[in-house]
Amino acid sequence: MSLLEELTGDLPAGRIVTDPDVLTRYLHDEAEWAPYEAPLAVVRPRTAADVQTVVRRCVAHRTPVIARGAGTGLSGGANAIAGSVMLSFEQMNAIARIDELERLAVVQPGVVNDDLRSACAEHGLWYPPDPASAPWSTIGGNVATNAGGLCCVKYGVTRDYVLGMQIVTGTGELVRLGRSTAKGVAGYDLAGLMVGSEGTLGIITEITVRLRPRRPAERTVAGYFDSIVSAGRAVEAVIGSGVIPSALELIDRHCLRAVDDWKKLGLSVDADVVLLGRVDTVGAAGESEAETMRACFEKCGATWSAVSTDETESEALFQARRLAYPALERLGPLLTEDICVPIGAVPDMLGRIEEIAAHHDILIANIAHAGDGNLHPLLITPPGDTAARTRAQSAFTDIIDAALRFGGTVTGEHGVGLLKMNGLAKELDPVVMSMHHAVKQSLDPYGILNPGKVIPTP
Ligand SMILES: Cc1cc2nc3c(=O)[nH]c(=O)nc-3n(C[C@H](O)[C@H](O)[C@H](O)COP(=O)(O)OP(=O)(O)OC[C@H]3O[C@@H](n4cnc5c(N)ncnc54)[C@H](O)[C@@H]3O)c2cc1C
């Protein structure tokens, strides 16, 4: 029997999609120019048992299985492989439990990040990881990519909130990893190993996340700069001052203009670069931290800076930061970088990105989780301009190489997927790369879990 016939016999009706028109929605994520091929089928599981059935059948047929959340990834991690089965988690989107005493939530992988955050808020609790894709991306995808976000500079990334999970292994076993207690060191941290593994080591069917009490209100500090390097120096100064911002984001005039043209938010585009800082320390200490941040902006050459008392205005600026990517995407194919460098290297790295843009004659816009040193140069090319595309790809490589020279990493939060496989090979010691292969071989002995992503298939 064919794999499709077996799955049709095993799974309840309505789980399997083979209609080519519908399949097109599942072919790739948001990464520009990452290759993809036609899958055999998409399965939309409703239970962990459905997932287990699919993996077991795929083991028997040695067929690749690719997990997919919302497809907002920016590395090609969720892209289809020829003849593969895509497991799309859109119908496993239940929040099973929010526990106020233990401060944890148990969720299915298809829960959308913002939905979890809203549900937690009803209990006076907070799930901090807040990627700018929070209105669409799923907790399963966030865990599989170890997603970061705006408040991570103070509160950490997804990894810091994952306590445990249930997974289907590469041999089709359904197991629990990690814990649901505040502490625990029983054995190797296999739940931690799954975080950021991009669907290559196991399929996540349930996640237990740590929550925090509702956060205090934030104060916003905005600074306008006429040079991106000065803005980078201000970032270094803020972090060096000892203030721990609850956000420190950078957005340049290309992004502000694109968002304003699209959403008509009435944003000022007088500045070349805007730094948006936030502090959430309560009372006089918070006031003092906001003032310290503003002073750092001024010291580093801000042409204008203010502690905002206008919630609507500051929310509009943060909204612009979140919308920058889809706004720029409207201008043409957009290749998104995701390097992360030490804070002390942020000004020089930003300067280097400007030089690379000029050298390759490519428009590079910039957004950044600047307080983490996590920079997202956005390489924009005119539609259909193949020469520009080639230049953009050279610029992409140059940016990666520069980040490594500055002591950084090739991906801060988007993951390796397909786009950063060459970069990963440059970053990792060959011995460490062979450790990666050993882990993959051990947990996915038949090589069916998202093969050819993150590390090359041997
Ligand atoms: C506008 C925009 C803004 C963004 N902002 C940020 C940001 O601020 N921070 C950030 O970190 N990222 C950001 N991203 C990138 C993206 O949103 C994140 O990588 C996100 O975590 C992907 O979630 P997803 O549900 O879309 O996963 P997908 O793109 O569907 O999948 C991502 C990876 O996870 C794997 N996967 C998905 N579900 C499972 C599962 N159940 N089990 C095992 N593996 C699984 C997939 O195979 C793939 O490798 C942004 C993207 C966009 C388009």
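**Helix packing and ligand surroundings**

Helices H8 and H12 cross in a right-handed manner (the near helix is turned clockwise from the far one by less than a right angle; helices are DSSP runs of H or I, at least four residues, numbered from the N terminus). The model is predicted, with local features needing pLDDT of at least 70 and side-chain atom pairs counting only at pLDDT 80 or more, while totals for chains, interfaces and linings use all residues. Residues are numbered from 1 along each chain as its sequence is written, and side-chain values use heavy atoms, without hydrogens and water.

H8 (residues 228-240) packs against H12 (residues 346-360) at about 160 degrees, the axes being 7 Å apart (axes are lines fitted to C-alpha atoms over the stretch in contact, with angles from 0 to 180 degrees between N-to-C directions). The two helices are therefore roughly antiparallel (angles over 145 degrees). In the contact (heavy atoms within 4.5 Å), Ile228, Val229, Gly232, Arg233 and Glu236 of H8 meet Val346, Pro347, Leu350, Gly351 and Glu354 of H12.

H12 also packs with H13 (residues 386-405), at an angle of about 155 degrees and with axes 10 Å apart. H12 is thus roughly antiparallel to H13. This crossing of H12 and H13 is right-handed.

The ligand is surrounded by 35 residues (each with a heavy atom within 4 Å), the closest being Ala67, Gly69, Thr72, Ser133 and Thr138. Among the polar contacts (pairs of N or O atoms within 3.5 Å), a polar side-chain atom of Thr138 lies 2.7 Å from a ligand oxygen atom. A polar backbone atom of Ala70 is 2.9 Å from an oxygen atom of the ligand, and a backbone N or O atom of Ile204 is 3.0 Å from a ligand nitrogen atom.

Notes:
Parallel < 35°, antiparallel > 145°, perpendicular 65-115°, else oblique. Polar contact = N/O pair within 3.5 Å; in protein donor to acceptor, adjacent residues only side chain to side chain.
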